[in-house]
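Hi everyone, thanks for making time today. Have a look at the structure on the screen, and I'll walk you through some of its features.

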Amino acid sequence: MTVLVTGAAGFIGYHTVQRLCLQGHEVIGLDNLNNYYSVELKQARLNELDSLPGFRFLPLDIVDKQALMALFNMSGFTEVVHLAAQAGVRYSLDNPDAYAQSNLVGFLNVLEACRRHPPTHLIYASSSSVYGANSKLPFSVDDAVEHPVSLYAATKRANELLAHSYCHLYGLKASGLRFFTVYGPWGRPDMALFKFTEAMLKGEPVDIYNHGQMARDFTYIDDIVEGIVRLLPKPPVPDKEGAGVNRLFNIGRGLPMPLLDFVDCLEAALGLKARRNFLPMQTGDVVQTWADVSALADWVGFAPGVSVETGVARFVAWYRGFYQV
């Protein structure tokens, strides 16, 4: 395969590129290297990827439609894995324009490029946040998702609807992956595990929202990547009229963990006790996530299975090594 991976310097993008290259595929990675979080961390990921056979990196922003179209005109991508996005629920309260540009305009540009140069399969990142105010658990891809509680969630739901329309109109085959709280080595500094680890090693308190009355379906990065690479050669089957199809999948551990238990796991891995600073619920957040992963398991024969205890320990080992702590 010749695979385009957008957001290649990001957390999930880095791991996806690494796996695809090690499997012998040609990979072109794009990223705009913005400063939403440490550019140094993103560059360090790219430095790790530079030595891999078959990988080429291009500093390109998907919002730049002309540059993206030129790339598609020159390159014959058999598959596209679109992971580039402005991430983070809380940041969307402060900088909504960044989400409109990257997640809406940028994704539309990707769809337009795929319309003109159709890949065999387009996989794109959605999010568990699309379930918003839903109270039925576990979250199923068959559930209605019409009540997002953050702008980030709304843009991800918009991505799913845009993909559906392009598949219907132009025959594309696409799969949207609703990621559930991804964590692991090389993770994002704005995520809870990274922030808690950093604070605890500095002897600072960790901020725990909703007074700890929260649970997340924490999903280890290797399980996420396994789902992506298994899905790549299995695009949706065209409907009976032969039209393209946009299919959605949850990709999560399928086993939510209370946030306070998660902190317990981190304490065990670090050998430190956390100073817990309990705070009210933050705007745009949700109390619990829980993935029904049966659709993914049925389609590709895989469901995530790395335990939180194992995953957190691996993250801590990476963090200590990378930051020499």
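This is a predicted model: local features need pLDDT of at least 70, side-chain atom pairs count only at pLDDT 80 or more; totals for chains, interfaces and linings use all residues.

Residues are numbered from 1 along each chain as its sequence is written, and side-chain values use heavy atoms, leaving out hydrogens and water.

Let's begin with the sheet. Helices (H or I, at least four residues) and strands (E, at least two) are DSSP runs, numbered from the N terminus, and two strands pair if DSSP finds at least two bridges between them. Here, seven strands make an open sheet with parallel pairing, and their order is β3-β2-β1-β4-β5-β6-β11. At the edges sit β3 (55-59) and β11 (245-251), each pairing on one side only. Strand β2, residues 26-31, runs parallel to β3 and is joined to it by five bridges. One example to find on screen is V27, whose bridge partner in β3 is F55.

Now to helix α1. How far apart are its end C-alpha atoms? They are 17 Å apart, which agrees with the 16 Å that 12 residues, 11-22, should span at 1.5 Å a residue; the expected span is 1.5 Å times one less than the number of residues. Nine of those 12 residues are buried, so α1 is largely enclosed by the rest of the structure. Among the buried ones are F11, Y14, H15 and C21. After α1 comes G24, with a positive phi near 95°.

Next, charges. Side chains of opposite charge can pair when their charged atoms come close. We call it a salt bridge when a side-chain nitrogen of Lys or Arg is within 4 Å of a carboxyl oxygen of Asp or Glu. How many salt bridges does the structure hold? The count is 15.

Take E160 and R178, whose closest N and O atoms are 2.8 Å apart. This pair links distant parts of the chain, with E160 in helix α6 (residues 151-170) and R178 in strand β6 (residues 173-179), 18 residues apart. Both partners are buried: E160 has a relative accessible area of 2%, and R178 is at 1%. They also belong to a network of salt bridges that links E146, R157, E160 and R178.

Other pairs sit within one helix. In α5, residues 96-116, R115 and E112 are three residues apart, which means about one helical turn separates them, and their closest N and O atoms are 3.0 Å apart. R115 is partly exposed, at 29% relative accessibility, whereas E112 is buried at 9%. R230 counts as partly exposed, at 32%.

Finally, the cysteines. Taking a disulfide as a pair of cysteine sulfur atoms within 2.5 Å, a search of the whole structure finds zero. For C114, the nearest cysteine sulfur belongs to C167, 9.4 Å away. C114 is buried, at 0% relative accessibility, and C265 is buried too, at 12%.

Key: Buried means under 20% relative accessible area, exposed over 50%, partly exposed in between (1.4 Å probe, protein chains only).
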